[in-house]
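This report describes a protein chain from its folded model. Please read it with the model at hand.

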Amino acid sequence: LPPTPTPTMPHGLRNLALVAAFVSAVPTAAAICESLESNFILKAVCDTIAGNSKAQTKTLPTSLKVIGAGAGRTGTASLQQALDILGYNTYHMKEVVINGHTQQWQDYLDGNTSPKEIAQTVLQSGYDASADDPVQGSTLELLEVFPDAKVILTTREKPEKWVDSIVQLGSIDQYFMTYYPWRLLRKFTDFNILARTYHAKRGYDWANVDRSAALKWYHEWNAKIRAKVPAEQLLDFQVHQGWEPLCKFLGKPIPDVPFPHTNDKAAFVIALKVLTAIHYMCLCSPLLIILCCCRCCRASKSKQKTN
């Protein structure tokens, strides 16, 4: 007896099944956000896409209670989480992007609006504290608007490490301006333009950092804050010091949770790898679908000729 032929799936169905399997293998945006909850940058990207603003308050604040004077990459993400644990709603660079405030800050940096006006942008979104850029660069101006605010200057133990972080951070420039799908999303390209602006005001190019210029700005800025902010309103702080100096300065009890440490170099590297992987997935997915469709067409024509 001849061998029984093994049942086979028609070419068209098989190719459609391959496409379906590929699509189903790609996790949804919600699943990505849930699984990457611990990564500061990736969570910020997910929140930006989803439009998840963080501040939730019944009454809008009338003043900034805390102003973070430390530059980005000095522990500002950890400070934000710490302040939130202590009961503040803290405005970080990611909140600028998530809330769609990049144009307001661009106008402010271009000299078209006043410190009081940009402060209202922050307050009306429910935030009563700040950490990170671009608010950091307006510390002294905002202190004139809110003279009772407390100022926290976050710094790094080794300034050269801060420069290393800024150089690394500048690599995001190519992701949001040249990589898909990020370059198609307005919030990310607007963020990139804003970041270029405030780093340029410091005297260096964000996408191609002059290390000596960045280090010069870092020392001059910290010295300026220490000289001009009243001593009783200023905390010179490094996040490895933990809760005690921060809570003492703010008059808050020490929480019964570890001091947060987030957005370190390792997490940053992971974030870049994921953003790169998503970029290549976006490039390859349409190609795979086109190839499968072409194969389906060829199989269909071949079947017609056979018939």
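**Basis and overall figures**

The model is predicted: local features need pLDDT of at least 70, side-chain atom pairs count only at pLDDT 80 or more, and totals for chains, interfaces and linings use all residues. Residues are numbered from 1 along each chain as its sequence is written, and side-chain values use heavy atoms, with hydrogens and water left out.

The protein chain has 14 helices and 5 strands; helices (H or I, at least four residues) and strands (E, at least two) are DSSP runs, numbered from the N terminus. Of its 307 residues, 46% count as buried, where buried means under 20% relative accessible area, exposed over 50%, and partly exposed in between (1.4 Å probe, protein chains only). The chain exposes about 16,500 Å², and carbon and sulfur atoms supply 58% of that area; the areas come from the Shrake-Rupley method with a 1.4 Å probe, and for residues only the protein chains shown count as cover. Contact means heavy atoms within 4.5 Å. Among contacts between residues at least 6 apart in sequence, 78% join residues at least 24 apart.

**Helix α13**

Helix α13 covers residues 243–250, and its buried residues are Trp243, Leu246, Cys247, Phe249 and Leu250. Seen down the axis of α13, these buried residues fall within an arc of 160°, so they line one face of the helix; the arc is that of the directions from the helix axis to the C-beta atoms. Glu244 and Lys248, on the other side of α13, are exposed. The buried residues of α13 pack against β1 (66–68), α4, β4 (150–154) and β5 (234–237). Just after the helix, Gly251 takes a positive phi of about 70°.

Lys150 has its charged end over the ring of Phe249, 5.0 Å from the ring centre. Another such placement involves Lys252, which lies over the face of Tyr88 at 5.1 Å from the ring centre. A charge sits over a ring if NZ of Lys or CZ of Arg is within 6 Å of the ring centre and within 35 degrees of the ring normal.

**Aromatic pairs**

The structure holds 8 aromatic pairs. Rings of Phe, Tyr and Trp (its six-membered ring) pair if their centres lie within 6.5 Å; planes under 30 degrees apart count as stacked, over 60 as edge-to-face and the rest as tilted. Two of the pairs are listed here.

| Pair | Centre to centre | Angle between planes | Geometry |
|---|---|---|---|
| Trp217 and Trp221 | 6.0 Å | 10° | stacked |
| Trp243 and Phe259 | 5.0 Å | 70° | edge-to-face |

Trp217 and Trp221 both lie in helix α12 (residues 211–228), 4 residues apart, about one turn of the helix. Both Trp217 and Trp221 are buried. Trp243 is buried, at a relative accessible area of 8%, and Phe259 is buried at 10%.

**Trp162 and its cluster**

Trp162, Trp217, Tyr218 and Trp221 form one aromatic cluster. Trp162 is found in helix α9 (residues 159–169) and counts as buried, at 0% relative accessibility. Not counting residues up to four places away in sequence, Trp162 touches Ala71, Gly72, Arg73, Thr74, Arg156, Arg202, Tyr204, Ala214, Trp217 and Tyr218. Trp162 and Arg73 are 89 residues apart in sequence, and their C-alpha atoms are 6.4 Å apart in space. A polar atom of the Trp162 side chain lies 2.9 Å from the backbone oxygen of Gly72. A polar contact is a pair of N or O atoms within 3.5 Å; within protein, one must be able to donate a hydrogen and the other to accept it, and residues adjacent in sequence count only if both atoms are side-chain atoms.

**Two buried serines**

Ser78 lies in helix α4 (residues 76–85) and is buried, with a relative accessible area of 4%. Its side chain reaches the backbone nitrogen of Thr262 at 3.0 Å. Leaving aside neighbours within four places in sequence, Ser78 is in contact with Val239, Phe259, Pro260, His261 and Thr262.

Ser130 lies in strand β3 (residues 129–130) and is buried at a relative accessible area of 1%. With neighbours within four places in sequence again left aside, the contacts of Ser130 are Val66, Ile67, Gly68, Leu83, Thr90, Tyr91 and Val135.
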